[in-house]
Amino acid sequence: MKKGEVIELFVDYNLYPNVGVGIVDGKRVRVKGALRGQRVRCRLSKKRGDRIEARLIDVAEPASDEQPSFCEHYEVCGGCMLQTFSAETQLAHKVDMVNRLFENAGLESRVTEAIESPEVFEYRNKMEFSFGDMEKGGAMTLGMHRKGHHHDVVTVDHCHLVDADYRLILERTLDFFTALEVPKYNKFSHGGILRHLVVRKAKATGEIMVALSATTQHTEDGKSIDRYLAGFLEMLLGLEPELSGKLTSIMQIKNDGLGDVVAGETVVLHGRDYIEEMLSGLRFKITLYSFFQTNTLGAEKLYEAAIGRISDFEGKVCFDLFSGTGTIGQILALNGASHVVGVELVEDAVRSARENAAFNGLSNCEFIAGDVFKVLSGMDEALLPDVIVLDPPRAGVGENAVRKVASYGVEEIVYVSCNPKTLTEDLRIFEQLGYHAGDVTAVDMFPWAGHVETVVKLQRRNP
Ligand SMILES: C[S@@+](CC[C@H](N)C(=O)[O-])C[C@H]1O[C@@H](n2cnc3c(N)ncnc32)[C@H](O)[C@@H]1O
């Protein structure tokens, strides 16, 4: 096999989240984007020792259990890579990938329970769309990045992960700015105006937040976002009779940063700066920048699975680390924990968590803003936890914080993870520090996408 050579390959299995692996001439070849069971054509791109990589050209033969895709955007959109399987098969596929990660990490734990998402379509409560185009100088588009082309954007006005309100807001926003010839932002020249459209809609209350991320600069022909905001607002509010939800929060984001991220000072154009959602019997305020699980009904299942793993938290002190808007901690507080301490980096989320706790009449919770490791290191040593729940971001907990958490010596730690790769890395450190990882529960929070949430309980070994 030589670099540049085109080969045909049967994909035996996948490595999390989207690397297909097949054997050619007795050697393992990795192909990003190829799915197990497919026969694919690919071009060898890297050969270093035993590591051989190839670039997917096309699928010569689909897997025997594949079916036609349900989405109009399938060929071009980069999301929903598993949509040609049934809902059950795509979850089983994710379980297989998680199990392989554990096996490769030398950990005994395996997935023993896979919980389906209560909804497999229109389950998302948040979407971040980007303004862009499909080809240089082409018509403006608004949506998601094109499969394999990070700089192109596909208008996803038929996306099945969100409900009709999102699709209408997306379509009319694009029509509005296209008709007025407002230019999109250019990531290379940094000129232009329109960058992102964030839409959030609460499942239980139907409250909708729309946030337009745009630069504040003037173009050469004197255009700036200020000139269009009143018209944009009027257009959105004019959609109300067609929406099933209610426009509760409309915001402008002054986004002049160089990175392609939604960030910047916000200005409320209509209503308030948050929406309210109900989850597990509690009410939560969600602001633009605070983390909130994107599948509300799936999150209830996830939290049930996590909290169900704790043998006993009644009357106990619980630490909710990486607490976001304080969801897990407040469910613990509502159900009998004596005291809850939440730690979260984003101050906005901490503010929401405090307000949420007060709103829900919970006086036995406190939320501290800061990095988990630093906050725990500087905390009053008299405040010791009985139970710890960890729910870190994709990067995982990290060695310093794992060591700090383990140093409390609590009997049980529950680890909720959105990235099984970093989970296995953290679990290996916990194992060295005397904690045994038990069975894994997978919760399908992102049907059709390659990702999956997992929950594992760590039990302290007897010294
Ligand atoms: C996966 S979210 C979990 C949030 C919450 N448990 C929930 O279910 O809504 C991870 C959270 O960790 C926060 N975070 C990231 N790095 C952190 C750090 N070093 N210290 C504290 N919080 C951090 C993020 O802002 C985010 O809110």
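This is a predicted model: local features need pLDDT of at least 70, side-chain atom pairs count only at pLDDT 80 or more; totals for chains, interfaces and linings use all residues.
Student: OK, and in what sense do β9 and β10 pair?

Tutor: Strand β9, which covers residues 140-146, pairs with β10 in the antiparallel sense over 4 bridges, and within that pairing Met144 has Val154 in β10 as its bridge partner.

Student: Switching topic: how is the chain divided in the domain assignment?

Tutor: The assignment gives domain 1 as 1-64, domain 2 as 100-118 + 294-460, and domain 3 as 126-278. The centres of domain 1 and domain 3, taken over C-alpha atoms, are separated by 38 Å.

Student: Now the open sheet with 8 strands: what is its order?

Tutor: The order is β7-β22-β23-β21-β20-β17-β18-β19, and the pairing in this sheet is mixed. Its edges are β7 (111-115) and β19 (365-369), each with a single partner strand, so one side of each is left without a neighbour in the sheet. The twist averages 20 degrees from one strand to the next.

Student: Which of its pairings are parallel or antiparallel, say for β7 with β22 and β22 with β23?

Tutor: β7 and β22 pair in the parallel sense over 4 bridges, with Glu113 standing opposite Thr441 in β22, whereas β22 and β23 pair in the antiparallel sense over 7 bridges, where the bridge partner of Ala437 is Leu458 in β23.

Student: And what about β17 and β18?

Tutor: Strand β17 (residues 317-321) pairs with strand β18 (residues 339-344) in the parallel sense, over 5 bridges, and Phe319 stands opposite Val341 in β18.

Student: Where do helices α1 and α5 pack?

Tutor: Helix α1 (residues 87-104) packs on this sheet by touching β7, β22 (435-443) and β23 (453-460), and its direction makes about 150 degrees with that of β7. Helix α5 (residues 327-334) packs on the sheet as well, touching β17, β18, β19 and β20 (387-390), with its direction at about 165 degrees to that of β17.

Student: Which angle do α1 and α9 cross at?

Tutor: The axes of α1 and helix α9 (residues 420-432) come within 10 Å and cross at roughly 30 degrees; the two helices are therefore roughly parallel to each other, and their crossing is right-handed.

Student: Which residues meet there?

Tutor: Val98, Leu101 and Phe102 in α1 meet Pro420, Lys421 and Thr424 in α9, and the residues of this contact divide into 4 nonpolar, 1 polar and 1 charged.

Student: Then why would α8 and α9 be called oblique?

Tutor: The axes of helix α8 (residues 399-407) and α9 come within 10 Å and cross at roughly 40 degrees. Angles under 35 degrees count as roughly parallel, and α8 and α9 are therefore oblique to each other. Their crossing is right-handed.

Student: What makes the contact in that case?

Tutor: Glu399, Val402 and Ala406 of α8 make it with Asp426, Ile429 and Phe430 of α9, and the residues divide into 4 nonpolar, no polar and 2 charged.

Student: Last topic, the backbone: where is the place of Pro17, and what kind of peptide bond joins it to Tyr16?

Tutor: Pro17 is in the loop between β2 (13-15) and β3 (19-24), and the bond that joins Tyr16 and Pro17 is a cis peptide bond with an omega of about -5 degrees.

Student: And what is the phi of Asp25?

Tutor: Asp25 has a positive phi of about 50 degrees although it is not a glycine, and Asp25 is found in the loop between β3 and β4 (27-32).

Conventions
Residues are numbered from 1 along each chain as its sequence is written. Two strands pair if DSSP finds at least two bridges between them. Axes are lines fitted to C-alpha atoms, for helices over the stretch in contact, and angles run from 0 to 180 degrees between N-to-C directions. Two residues are in contact if their C-beta atoms, placed from the backbone, lie within 7 Å. Domain bounds come from an automatic or database domain assignment. Angles under 35 degrees count as roughly parallel, over 145 as roughly antiparallel, 65 to 115 as roughly perpendicular and the rest as oblique. A crossing is left-handed if the near helix is turned anticlockwise from the far one by less than a right angle, and right-handed if clockwise. Ala, Val, Leu, Ile, Met, Phe, Trp, Tyr, Cys and Pro count as nonpolar, Asp, Glu, Lys and Arg as charged, and the others, Gly among them, as polar.
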